[in-house]
Amino acid sequence: MRTIAIRLAYEGSRYHGWQTQKTEVTVQETVEKALSQICGHAVKVTGCGRTDAGVHARRYCASFRTESRIPTGRLPLAVNTRLPDDIVVSAAVDAPADFCAIRSCVKKEYCYEIFNSRIRDPFLEKRVCFYPAPLELARMQRAAAAFEGTHDFAAVRSVGTETKTTVRTVYWCRAEQEGAHIRVFVCADGFLYNMARAIVGTMVYASHGKLEPEEIPRLLELGDRRLTGPTMPPQGLYLNRIWYEGKVGEMMQN
């Protein structure tokens, strides 16, 4: 029995998130069907994390076990012939027997994209958050820096999947602007439900003066979701990069 890790990307607009559901079309279900056809048996994949409906992934890792002898070099081309155009497998590698895409993940980076303009761009409608009110980048950058470090992030998570702890380490959180595009990058050892989108929403609140960036550490200590910013819309969020050890890590970074 082999353990295979695959690198994939998807445009999530027409999917109800990653995780298989009973009545909705999801990325996991779609990938499993394609891999099952290639491997000749039912395949169950484990993803590196959940993404919500409408959220995208530039780099995503999934793992599965199979008795198929298909070479990993041939697997991407083979499975892509059975996938829709908005999901692509770009690489595959034989992983250690105990590898698990979610448990073996070292850290992840999300990117949130805002189109800060009074005029919409129809080509970006499902791929950015259109935000017409002016945003002040310097205040957003100060707010971003306040999230870095090890904290209890209960104040920026939505009620959802239960977890043993709400403490996470954010390695970096920064905002950049290029024309009308504002991009926020957040890298952490793990993310709570809606954490990345709530961090960006808090940065937007700080931009508008609804809270001061220097207040954020105290708000995290209080742990009250009502005191921080809103959860931003899903279409602006991308799983951007993921880190692993060994051969899988090399595949994800190439």
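This is a predicted model: local features need pLDDT of at least 70, side-chain atom pairs count only at pLDDT 80 or more; totals for chains, interfaces and linings use all residues.
**View 1. Glu 113 and the residues it touches.** Beyond the residues up to four places away in sequence, Glu 113 touches Arg 58, Val 128, Cys 129, Ile 182, Arg 183, Gly 236 and Tyr 238; contact here means heavy atoms within 4.5 Å. Glu 113 sits in strand β5; strands (E, at least two residues) and helices (H or I, at least four) are DSSP runs, numbered from the N terminus. Is Glu 113 buried or exposed? It's buried, with a relative accessible area of 6%. Buried means under 20% relative accessible area, exposed over 50%, and partly exposed in between, using a 1.4 Å probe and protein chains only.

Residues are numbered from 1 along each chain as its sequence is written, and side-chain values use heavy atoms, with hydrogens and water left out.

**View 2. Thr 228 in its loop.** Look for Thr 228 in the loop between α5 (216–222) and β10 (237–243). Thr 228 is buried, at a relative accessible area of 8%. A polar atom of its side chain lies 2.6 Å from the backbone oxygen of Ala 155, and a polar contact of 2.7 Å links the side chains of Thr 228 and Arg 225. Leaving out residues up to four places away in sequence, Thr 228 touches Ala 155, Val 156, Thr 202, Tyr 205 and Leu 219.

**View 3. Leu 75 in helix α2.** Leu 75 belongs to helix α2 (residues 75–80) and is buried, with a relative accessible area of 0%. Not counting residues up to four places away in sequence, Leu 75 touches Ile 4, Ile 6, Leu 35, Phe 64, Ile 70 and Ala 92. Val 93 is 18 residues from Leu 75 along the chain, and their C-alpha atoms are 9.3 Å apart.

**View 4. The largest nonpolar core.** This core has 79 residues, and those with the most contacts inside it are Ile 6, Leu 8, Cys 61, Met 203, Tyr 244 and Val 248. Helix α4 (residues 195–207) supplies the largest share, 8 residues. A nonpolar core is a set of buried Ala, Val, Leu, Ile, Met, Phe, Trp, Tyr and Cys residues joined through side-chain atoms within 4.5 Å. Beyond its neighbours within four places in sequence, Leu 8 is in contact with residues including Trp 18, Val 31, Tyr 60 and Ile 87.

**View 5. Helix α3 and its packing.** Which residues of helix α3 (residues 137–146) are buried? They are Leu 137, Arg 139, Met 140, Ala 143, Ala 144 and Ala 146. The buried residues of α3 pack against β5, β7 (149–152), β8 (167–178), β9 (181–188), α4 and α5.

Note on methods:
A polar contact is a pair of N or O atoms within 3.5 Å; within protein, one must be able to donate a hydrogen and the other to accept it, and residues adjacent in sequence count only if both atoms are side-chain atoms.
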